[in-house]
Each structure stands twice: as C-alpha cells, then as structure tokens.
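Keep the sequence and the structure open beside the text as you read.

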Amino acid sequence: MSEDEFKHATYDRLTRTNAVLLLVDHQVGLVAGSRYPEPQDLRKNAVGLARASMILGVPIVVTTTMAAGMFGPIFPELANLLKDQEIIDRTTVNPFDEPRITSSIKRTGRSKVIVAGVNTAVCTCFPAISAVNAGYAAYAAIDASGAFDATEQQTAMIRMTQAGVIMVDYNAIVVEMLANNTDRLASQVYAAIGLSHFVSMRDIYSTIMTSKIVPPVRGTQ
C-alpha cells in the first residue's frame, strides 16, 4: 500500500445509528435443511441477532417467500420476538426485486445493511450484493445464515467478498454496534447473544477495582 493509499484507509464502523437489519426467509420449511450451521444453531443465532438489534434500536426489515405455501411461516422463536413487526411476504427470489422491501430499507435512512438469510447462497448473497449495487455498505451475517453444504457456503462467501460485501459473524456485528461495555444496554445485549457471563466478569472486576482495600501499616498490628 502506498503512503497516499494508507492515508485514505478508513475503518467505517458499523453502528446502531447507521445500520438496518434485513432478515430473509427464516421459515420453518427452509431452516431444517441447514447444515452450516445446524438448524438449532441457525435459529439461535438469528434470534440473538434480531433480539440484540431490537435492544439497540436498530430497525429490522423482515421478509418471507410464499409463507402461506410450502415454505411456511418464520420459525416460532423469531415469530414471537417479531410479533409487532411487519413481515413482507414476496414471490421474488431476490428481496431487492420487491419494491416494498427496498422502500422499507430506504425509509430507515441507514447507510449499512446487515443481511441474514436462511440460505447463504441465495437469501443472503443476492440481497447483499444488490445492496452494494444500490450504494449501501453490506454486511453478511454468516452464522445467522444457513447453507446446505460447505461448498455452497464457501462459494457464496467468495462471491460476496468479490462484490464488496463484508463477511462477519453475528456476535461481532452486535458487539461492534454496542461499542462500549459501560453502556446501560450492555447486560441486555450480551444476554441476547448468549454472552451474559461477560457482564458478570465485568461486574466482578469493577467490584475489585473499587474496593480500595488498603494494606495494614507495619507496626500498627
């Protein structure tokens, strides 16, 4: 990297005020086929990402494909969490071909789109690349997306990377948006992603550091 390129290198952070989460097709008829990660982990990760995003005030756009047909509704844990959220059902393969979805994303005013889809090669890859083409920064939440086999996951990740999509795990997404461990929402956020023990460790450390235990002075005992 030249000196000029180094000067212009930036870390444009993902924050709770510049991001919108797009959840694509986490439906009961599709999630069972995931192997990377396994269905139970995919469900847990998708719910954790959604719950933490809600706590942080990140807007969520949710879509399904033909939910009244063979793919079914979104799975129960996610449905319960998003019970007050509009779910946009569509027939298009790529969510970015559905005007209601692109309009919903645009209305948030956010510049970064986090994409998690039930199928990495289609439900995550297509809208993530489309988001880049539309001028957004796109982040693919890989472990909140699913793949039927390793080849599918790897080729999808390569394709997205070549298109400028950022590959990331859902824990990193959430913690980057949290930004500060003294945030009043930290305990809720860590609990949402299954890392509540981090908060316990923080509290223990804080107690130790603020105890101000003064050693006895020699000759006073």
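Where is the place of Ala179? Ala179 sits in the loop between H8 and H9. Its phi is near 75 degrees, a positive value in a residue other than glycine. With a relative accessibility of 68%, Ala179 counts as exposed; here buried means under 20% relative accessible area, exposed means over 50%, and partly exposed is in between, with a 1.4 Å probe and protein chains only.

Some ground rules before going on. This is a predicted model, in which local features need pLDDT of at least 70 and side-chain atom pairs count only at pLDDT 80 or more, while totals for chains, interfaces and linings use all residues. Residues are numbered from 1 along each chain as its sequence is written, and side-chain values use heavy atoms, with hydrogens and water left out.

**The chain as a whole**

The chain has ten helices and six strands. Helices (H or I, at least four residues) and strands (E, at least two) are DSSP runs, numbered from the N terminus. Of the 221 residues in the chain, 44% are buried. Among contacts with a separation of 6 or more, 78% are between residues 24 or more positions apart, where a contact means heavy atoms within 4.5 Å.

**Backbone details in the loops**

Met66 lies in the loop between strand S2 (60-65) and helix H4 (76-81), and at 45% relative accessibility Met66 counts as partly exposed. Another loop to visit is the one between H2 and H3, where Pro37 lies. The peptide bond from Tyr36 to Pro37 is cis, with omega near 0 degrees.

**Two helix pairs**

Helix H6 (residues 120-133) packs with helix H7 (residues 150-163) at an angle of about 0 degrees, and their axes are 10 Å apart. Axes are lines fitted to C-alpha atoms, for helices over the stretch in contact, and angles run from 0 to 180 degrees between N-to-C directions. H6 is therefore roughly parallel to H7; angles under 35 degrees count as roughly parallel, over 145 as roughly antiparallel, 65 to 115 as roughly perpendicular and the rest as oblique. On the H6 side, the contact includes Thr120, Cys125, Phe126 and Ile129, and on the H7 side it includes Glu152, Arg159 and Met160. By class, the residues of this contact are nine nonpolar, two polar and two charged. Ala, Val, Leu, Ile, Met, Phe, Trp, Tyr, Cys and Pro count as nonpolar, Asp, Glu, Lys and Arg as charged, and the others, Gly among them, as polar.

Now turn to helix H3 (residues 39-55) and H8, whose axes come within 10 Å and cross at roughly 10 degrees. That makes H3 roughly parallel to H8. Among the residues that meet are Lys44, Asn45 and Leu49 in H3 and Tyr170, Ile173 and Met177 in H8. The contact of H3 with H8 has six nonpolar, three polar and one charged residues.

**Charged partners**

How many salt bridges does the structure hold? There are five, a salt bridge being a side-chain nitrogen of Lys or Arg within 4 Å of a carboxyl oxygen of Asp or Glu. The table lists some of them.

| Asp183 | Arg16 | 2.9 Å |

Asp25, in the loop between S1 and helix H2 (28-31), pairs with Arg90 in strand S3 (residues 87-90), so parts 65 residues apart in sequence are tied together. Both Asp25 and Arg90 are buried. In the remaining table row, Glu98 is buried, with a relative accessible area of 13%, whereas Arg100 counts as partly exposed at 42% relative accessibility.

**A stop at Thr102**

Thr102 lies in helix H5 (residues 99-108) and counts as partly exposed at 24% relative accessibility.
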